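Please look over the structure below. The report that follows covers a helix, a sheet and some aromatic contacts.

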Amino acid sequence: MSDPPARPPKAPWLALAAALSPALAAVWLVPGFVTQDGPTHLYNARILLASLRPGSPFDAAFAVHWQPLPNWSGHLATMALLTLLPPRTAGRLIDSATLVGLAASVLWLRGRVAGTRGQTATAPLAALLALNVAWLFGFTSFLIGSCLFAITLGLWWSWRDRLGPTRAAGLGVWLVLGYFSHPISLAATLLGLFVLTTTTPGPFPVRRAGWTAAALVPLVPLGFVYRTFMRRGGSIAPVWGHLVDPTSPGSWQSQLGWVDPISLGSKVIAPFVAETSPWFAWLVPALWLAVALGIETVGTIRRRRRVDPLRGWGLLALLLIVGGLVMPDTLGASHGNYLPQRVVLLGLLALVPYLEPTISRPCGRLAMTSLLLALGLQSAFVWDYARTSDRLVSPVLRAVPAIGRGDRVASLLVGIRGRYRANPLLHVDSLLGLEADPILWGNYETTHYYFPVQVLPDAAGPSAWDLEQLALLDSPGDAPARARLWRRLLSAHHARIDTLLILGPTPDLDPIHARWFRPVSKDGPVRVLRHREY
């Protein structure tokens, strides 16, 4: 009688749970914790759900494009949760699921590729990579796509020498799911399949390549469809906002700081400390992560044989990381932002199965110490962000009862710049849409072709793009431009606005909106105004 199959070890998963516990506690215990884009994703999930029933209060302003767009995975997951849970609970669950899901998929990938040896030591690294700035931005679909990046490549690795029609079809399903999550993570997955197929030793390489190519067939029509969608966003226009001069060391320093996919805040802040200092650069988690990865990478290369079966993973990581470092910030404003950060993060995920961590040697212990320090600092930054978010967001949450069902709402956000790269106030007005189903003109998703909710052509409300620009015109020298934009916006669209939400001091702008709107409530920095004709 054969022995029963060995159970997977519990230690790596217990270590991962311990590593993620502080951040998860911040998500669930701090009432005002929100990611930057999370509230808007919740609001649009409510619009999508309402569109399935007759008489939606959103029908007068928004149209739903039930088309094969990317980003559907995050919306569908949020819609499913909203059918079962209150909006704020659903939001916390999405934040938790993307965090735990990414960390778990990375740890699973490490076990699939390299076995259980060293998997427990990988748990802090998986947790730290999941606690990335994209998570705090609330890039739900991209994070799901990153999980699928790890899962798809892990399955291919397990099946690489036994590929056939069934497994190729299975890979095709995972790739289609990746398409409906995010184009960047899908592109990285396709690159990974190519690199691994061409560099991994094994029997029947031609057969393996053929079945891998067959798995890509379902993506062909979707690729043509997505190309059509991209035309809505205009031509590709790459923008390097930081690497303006490739020959300048200062330009490269700015680019490296910008591309950093891990750091949550400015490099001159410390958690729970109001002051700033250049010495706080020593508390940047990405610095200690780089030290740990540098030590582990050098040690792994030295220990590996000349013919390394995992060399494809190292090459994939190198291509993604270096490619991300030199990529433009965006391919055009309408095509999305934060391209380098996403690509570098995927490169770091690909590096995890390549590394061979060991704490039995001094260098390995030094790397683990550096990694644990980075994880501890990152967890502290998450808590500091949560406390900051709670303080800033709570007055807006208290303004929700002042918003009526079907109200058309515009927001003026002033002085919202903060210490963190993710800004909990940039789309905070979406929280007003979690109760009374108002029409929020600041719904930023409607300005991008790759989201399913769009403004009806004849709605003629103020542009979400203009409202976001008002929030971003936050420097003292921007005041005249902000006043001109506010005056133009209200002159053209005040009749399509029932309620104004104003956050922050606006003495220079008050005479503009006072012509059409009267105050009805005030709570700290938050004011609610109603149109004088309603």
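Is Tyr 444 buried or exposed? Tyr 444 has a relative accessibility of 8%, so it counts as buried; the cut-off for buried is under 20%. Note that this is a predicted model.

## Aromatic pairs around Phe 451

The whole structure holds 18 aromatic pairs. One of them joins Tyr 444 and Phe 451. Their ring centres lie 6.1 Å apart and their planes meet at 85°, so the pair is edge-to-face. The cut-off for that class is over 60 degrees. Phe 451 is buried, at a relative accessible area of 6%.

Phe 451 also pairs with Tyr 450. Here the centres are 5.0 Å apart, the angle between the planes is 55°, and the pair is tilted. Tyr 450 is buried, and so is Phe 451.

## An aromatic cluster and a charge over rings

Another group of rings forms one aromatic cluster: Phe 33, Trp 135, Phe 381, Tyr 385 and Tyr 420.

Arg 342 sits over the ring of Phe 139, with its charged end 4.3 Å from the ring centre. Arg 342 also lies over the face of Phe 142, where the distance to the ring centre is 5.2 Å.

## Helix H11

Helix H11 covers residues 219-232.

Which residues of H11 are buried? They are Leu 219, Leu 222, Tyr 226 and Phe 229. Viewed down the axis of H11, the buried residues fall within an arc of 75°, so they line one face of the helix. These buried residues pack against helix H8 (165-179) and helix H9 (183-199). On the other side of H11, the exposed residues include Phe 224, Arg 227 and Arg 231. Just after H11 comes Gly 234, with a positive phi of about 85°.

## The five-stranded sheet

Five strands make an open sheet in the order S3-S2-S5-S7-S6. The pairing is mixed.

Strand S2 (residues 408-413) and strand S5 (residues 499-503) run parallel and are joined by five bridges. Val 409 has Thr 499 of S5 as its bridge partner.

Key: Residues are numbered from 1 along each chain as its sequence is written. This is a predicted model: local features need pLDDT of at least 70, side-chain atom pairs count only at pLDDT 80 or more; totals for chains, interfaces and linings use all residues. Side-chain values use heavy atoms; hydrogens and water are left out. Helices (H or I, at least four residues) and strands (E, at least two) are DSSP runs, numbered from the N terminus. The expected span of a helix is 1.5 Å times one less than its number of residues. Buried means under 20% relative accessible area, exposed over 50%, partly exposed in between (1.4 Å probe, protein chains only). The arc is that of the directions from the helix axis to the C-beta atoms. Contact means heavy atoms within 4.5 Å. Two strands pair if DSSP finds at least two bridges between them. Rings of Phe, Tyr and Trp (its six-membered ring) pair if their centres lie within 6.5 Å; planes under 30 degrees apart count as stacked, over 60 as edge-to-face and the rest as tilted. A charge sits over a ring if NZ of Lys or CZ of Arg is within 6 Å of the ring centre and within 35 degrees of the ring normal.
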